[in-house]
Amino acid sequence: MTSTELEALQVEIWSDIACPWCFIGKARFAVALEQFDRRDRVEVIWRSYQLSPETPVGARERELDALVRLKGMSPDQVTGMFEHVAGIAAADGLKIDFDTAVAANTFDAHRLVHVAREQGLADEMLAALFVAHFTEGRVVDDPTVLAELADAVGMVGAAEALAGDTGAAEVRADLAAARELQVTGVPFFVAGRRIAVSGAQPVDVFLQLLDQGFADAE
């Protein structure tokens, strides 16, 4: 390594478990990272974002009904939008079943990702949350469901963390950082706090982000 080479590039990704584009963006970024020749020098940090922080915990409202109510759209309009997104996800090898998806407050799920990060399992925990929410129709603001998902990825102490406020300060810090960076939509990718890309971009765009992140830092 020369004196000008960057030891590691930090890529922060703001996302929400209730965001289908974040699910898709995570998958595409993973493909880009796998193709990237310096992937062992990339540190990925998952940051919290809430698209609907006002969603009541435990309401168990269908995603379709929640969007109709919140967006003022007709059920047919929402269904058409869902079908479009699900089709895009399928092309990336992901299954999204909006018929069973349940609207949820994602604050505690984000807390769980922060706890998982301390155990080196943030990526696995987030992946499990996405699948639970979008594919399996599980209620991701139910503490029992969250603890079960955490156990499945090998986390320890999840139930105890959820019973308290572990990770809450970290989630709030992520939300504050998003406001400071003027993040208005997710997924939002930031390389080295200098170069940003918004949205579930094609793999080539993420490869460019990684290349430019290293070039800019070095």
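Predicted model: local features only at pLDDT ≥ 70, side-chain atom pairs only at ≥ 80, totals over all residues.
## The nonpolar core

Let's start inside. The largest nonpolar core counts 68 residues, and the ones that touch the most other members are Met 125, Leu 129 and Met 155. Helix 5 (residues 122-134) puts in the largest share, eight residues. In soluble globular proteins, nonpolar side chains tend to be buried together.

Take Leu 129 for a closer look. Leaving aside residues up to four places away in sequence, Leu 129 is in touch with Ile 17, Ala 109, Val 113, Val 140, Leu 146 and Leu 149.

## Helix 1

Helix 1 runs over residues 20-35. A quick check on its length: with 16 residues at 1.5 Å a residue, helix 1 should span 22 Å, and its end C-alpha atoms sit 23 Å apart, so the two agree.

An α-helix has 3.6 residues a turn, so residues three or four places apart point the same way.

## The largest pocket

How much space lies in the largest pocket? About 540 Å³. Its lining has 28 residues, and Ala 18, Leu 51, Ser 52, Glu 63 and Leu 67 are the closest to the centre. If you want to find this pocket on screen, those five are the ones to click.

Helix 1, helix 2 (63-71) and helix 3 (75-91) each give the lining at least two residues. Helix 2 gives the most, with six. By class, the lining of this pocket splits into 17 nonpolar, five polar and six charged residues.

## The second largest pocket

The second largest pocket comes in at about 350 Å³. It is lined by 19 residues, with Lys 26, Ala 30, Leu 33, Trp 46 and Asp 123 closest to its centre. Helix 1, strand 2 (42-48) and helix 5 are the elements that supply two or more lining residues.

Which element gives the most to the lining of the second largest pocket? That's helix 1, with seven residues.

## Two cavities

There are two cavities of 30 Å³ or more. The largest one has a volume of about 40 Å³, and its lining is made of Ser 15, Trp 46, Arg 47, Ser 48, His 110, Val 113, His 114 and Leu 126. Strand 2 and helix 4 (107-118) each give two or more of these residues. Sorted by class, the lining has three nonpolar, four polar and one charged.

The second largest cavity has a volume of about 30 Å³. Around it are Leu 9, Ala 191, Gly 192, Arg 194, Gly 213, Asp 216 and Ala 217. Helix 9 (residues 203-217) brings the largest share of that lining, three residues.

## His 110

His 110, one of the residues lining the largest cavity, lies in helix 4. Is His 110 buried or exposed? Its relative accessible area is 2%, under the 20% cut-off, so His 110 counts as buried.

Its contacts, not counting residues up to four places away in sequence, are Ser 15, Asp 16, Ile 17, Ser 48, Tyr 49, Gln 50 and Val 171. Of these, Ser 15 and Ser 48 also turn up in the lining of the largest cavity.

Most residues other than glycine have a negative phi, and most peptide bonds are trans. The peptide bond from Val 186 to Pro 187 is cis, with omega near 10°. Pro 187 belongs to the loop between helix 8 (168-180) and strand 3.

Two arginines are worth a look as well. Arg 60 is not a glycine, yet its phi is positive, at about 55°; you'll find it in the loop between strand 2 and helix 2. Arg 193 also has a positive phi of about 55°, and it lies in the loop between strand 3 and strand 4 (195-198). With a relative accessible area of 45%, Arg 193 is partly exposed.

Technical notes:
Residues numbered from 1 in each chain as written. Heavy atoms only, no water. Core = buried A, V, L, I, M, F, W, Y, C linked by side-chain atoms within 4.5 Å. Buried < 20%, exposed > 50% of the residue type's maximum accessible area, 1.4 Å probe, protein only. Helix = DSSP H or I, 4+ residues; strand = E, 2+ residues; numbered from the N terminus. Contact = heavy atoms within 4.5 Å. 1 Å grid on protein atoms, 1.4 Å probe; cavity = no way out; pocket = protein on both sides within 12 Å on 5 of 7 lines; lining within 4 Å. Points joined across faces, edges and corners; volume = space filled by probe spheres on them. Nonpolar A, V, L, I, M, F, W, Y, C, P; charged D, E, K, R; others polar. Expected span 1.5 Å × (residues − 1).
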